[in-house]
Amino acid sequence: MSINVIDATNFIKDAFYAMPVFSDENGNNISGVYGALYKLKSMLSENEEALFAFSFERDNESEYTPAVVDQTEKFAEILKGAEIPGLLDVSNGESASPELIAYLEGELLKLSPTGKVSVVPKFELNISVTSDLGEVEEIFKKAHEYGTGAIDNYIGYFLMREREADKSLGKKDTFGIALCYGEKNVIYIPLENFITESYIGNKLSELSKDCSLATFDIKDGYDLFMPFEISERTTGYDKEDTGYLTSPKCFDTLIGAYLCNPIKNDYSVEDISKEYLKIPFEKRNDIFGKSGIKEADAGKIADYACKAAYICKACAPLIREKLSKTGMENLFYNIEMPLSYILFAMEKEGIIAKKDELKAYSDKLAVRISELEKVIYEAAGCEFNINSPKQLGEVLFEKLGLPAEKKTKSGYSTAADVLEKLAPDNKIVADILEYRGLAKLKSTYADGLAAYIAGDGRIHTSFNQTITATGRISSTEPNLQNIPMRTEEGRLIRKVFVPKEGYVFADADYSQIELRILAHMSEDKGLIDAYHEGKDIHRITASKVFHVPFEDVTPLQRRNAKAVNFGIVYGISSFGLSQDLSISRSEAKEYMDKYFETYPGVKEYQDKVIASAKADGVSDTLFGRKRPIPELKASNYNLRQFGERVAMNAPIQGTAADIMKIAMINVFFRIKRENLKSRLILQIHDELVIETAPDEKDTVTEILTKEMENAADLSVPMEVDCHIGNDWYESK
DNA sequence: TTCGTCACG
DNA sequence: ACGTACGTGACGAAT
């Protein structure tokens, strides 16, 4: 009798790669664990005298892909679950236990409930590779023939690019391009010799004149080529324009997939493949790992790029169909696609940040921070890490015995609203609050921003178009949408953001756009009239809610009315309002009731959008953007409540995002059409910043004001404030 | 990676 | 009886 010691991870790995792709009902690839169980069962059945022992040790973790490691763990769980004495001595001098074999059969069935393994479709592509100029010319010629004519003859392309690791930020390495047209043929063209970035760029430009191009993350390729529809566009956003229905356009599967479902976390090309084609596709990082594409095998690069290009080609019509069915084609073709180019242009433009001044500001902060540190340690009677909420909580609430509001999972809450209550009576707490504020300014802003200044002296943020659930854009690396504003000391940071020599900033922002959108969407007469009066909206609301003449509204009344206005937009709850105003829940409830009495249309509207979202599971903006709200069907009460607040807020925040995007398109293309030197450089949700040539100040002010005010026709005016300044502190 | 905190609209 | 304002991203600490 022999004892077979088997390395479990290798056993799984062999199965994983030997088996066809099998998936469970969720579409997860379970080839490894399924194949391993099947093989084990066979071995036991065939070789009744054998004895198997599995070793789950792994010497070199990085040798295995995450999928193999996952499935090995799953395999271990299943074996543990056998509860048959001695899987390790199966025969025990006897034959393999029938119970064990039955158990393994049961587990196989569990993995595949139908009793059959669902065989997932695989890519069946004819992949070829060439950099031969003559061949490449021929390929683009054929692609052009294929793509000319039928709009659904998408040409899929995928640029194999990677951000350079060390060189100045934003630079990208291009390794090649995969091109897919016709059914199954995909060609990978590595960039070498005559095949350069500009060669590929020209070819794509030409194709974009006559053909439908489908890709993934189109913004990533705009430095190679400007699509024809962008270079030809001068009219901005045109409500009457239905040209997109017949004329070929660029199609970004990433943006399309995002619009179809904006609440996902993952919009990788792998994820799109799984969702729309049901074909699993190994993740890019799992294939190329941390060493990057540069080190990767040429065959793997071609294989990956070709599959990605095919996915773009195959998914484009499916996603387009979905966009059409959900009424989002206009949003996609006339707003999001042109916007992607504008975001690219803004990123490329960047904004000057003065490095020396950031350094000086940082040094100044450091002095005060170390002073505070000393004082805090003395008052505490010990040294500790003030930045650690855990250590801070122990010092304040245990060592010093201050009254604690236990809040977080892991211990005492030391959040600002808690500390602020203690600060008046405890100097150490006031010092800690100051320390916190300065530490934040130093780490995130002074030092943080300095690290992003590129070789041209400018910061090039990334504007992300496919992140938020509501349709807003976001900004990362660095985030330029959360530069301090509310406190003077923080606001000073904005002085380091300056226009280029001789230029000025023009900064325009919408006045209470979300509340105006609420007025429009709710059709509440009182609120609409209030906006037509053109006076301070919070004061008007206070006057109506508290039944006092407009002139007699007290500052407190105005403040309360303003908080309620905000609360309404967020999807109000009496608790939230009470927290914000530091009042009791019942008082907050009273304010809300009075507000709804004043503006009954708002209440009706909120009930209506909740009912509608409950009925079809999504909320809608004025421009048809959808946000699914699965929380409304949750069994958990709090989650359902959250869903209701989202149903109230998403149409408003989302419509504001839509309107701002339209404004950006109109501003951008007017600047282009009028051949101005000024450039759009920032968007902060309801605010646009333009680096403005001195002789274009008035023109740009007019463009910003008019294009933003007229981006949509609402039943209330949209008001825009525009300021000129020599830095962002001045212009805001 | 996750958490707590805090910057913005 | 429970635990909440909506939407983001970055940092330092702890895991």
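**Overall build and local features of chain A**

Of the 732 residues of chain A, 52% count as buried, where buried means under 20% relative accessible area, exposed over 50% and partly exposed in between (1.4 Å probe, protein chains only). The model is predicted, so local features need pLDDT of at least 70 and side-chain atom pairs count only at pLDDT 80 or more, while totals for chains, interfaces and linings use all residues. Residues are numbered from 1 along each chain as its sequence is written, chains are lettered from A and ligands numbered from 1 in the order in which they are written, and side-chain values use heavy atoms, with hydrogens and water left out.

The secondary structure of chain A comprises 27 helices and 23 strands; helices (H or I, at least four residues) and strands (E, at least two) are DSSP runs, numbered from the N terminus. Along the principal axes, the C-alpha atoms of chain A fill a box of roughly 95 × 75 × 55 Å. Among contacts with a separation of 6 or more, 68% join residues 24 or more positions apart, contact meaning heavy atoms within 4.5 Å.

A UniProt annotation from an unreviewed entry, "domain: DNA-directed DNA polymerase family A palm", covers residues 490–696. UniProt positions are given in the numbering used here, feature names are shortened, and annotations may be inferred rather than shown by experiment. Over residues 490–696 the chain is 59% helix and 13% strand, and the end C-alpha atoms lie 30 Å apart.

A helix pair comes next. Helix α9 (residues 269–277) packs with helix α11 (residues 298–325) at an angle of about 50°, their axes being 9 Å apart. Axes are lines fitted to C-alpha atoms, for helices over the stretch in contact, and angles run from 0 to 180 degrees between N-to-C directions. The helices α9 and α11 are therefore oblique to each other; angles under 35 degrees count as roughly parallel, over 145 as roughly antiparallel, 65 to 115 as roughly perpendicular and the rest as oblique. On the α9 side, the contact involves residues including Val269, Ile272 and Tyr276, and on the α11 side residues including Tyr304, Ile311 and Leu318.

Helix α20 (residues 537–545) is largely enclosed by the rest of the structure, because 7 of its 9 residues are buried. Those buried residues are Ile537, His538, Ile540, Thr541, Ala542, Ser543 and Val545. Their cover includes α18 (513–522), α19 (525–533), α21 (555–570) and α23 (585–598).

Strand β18 (residues 504–510) holds Tyr510, which is buried, with a relative accessible area of 3%. Tyr510 and Glu687 are 177 residues apart in sequence, yet 6.5 Å apart in space, C-alpha to C-alpha. Leaving out residues up to four places away in sequence, Tyr510 touches several residues, among them Ile659, Met660, Asp686, Met708 and Val720.

Two loops contain backbone details to look for. In the loop between β16 (474–476) and α17 (488–491) is Pro478, and the peptide bond from Glu477 to Pro478 is cis, with omega near -5°. Glu477 belongs to the loop between β16 and α17 as well, and has phi near 45°, a positive value in a residue other than glycine. Glu477 is partly exposed, at a relative accessible area of 40%. In the loop between α18 and α19 lies Glu523, which is not a glycine but has a positive phi of about 60°. Glu523 counts as exposed, at 61% relative accessibility.
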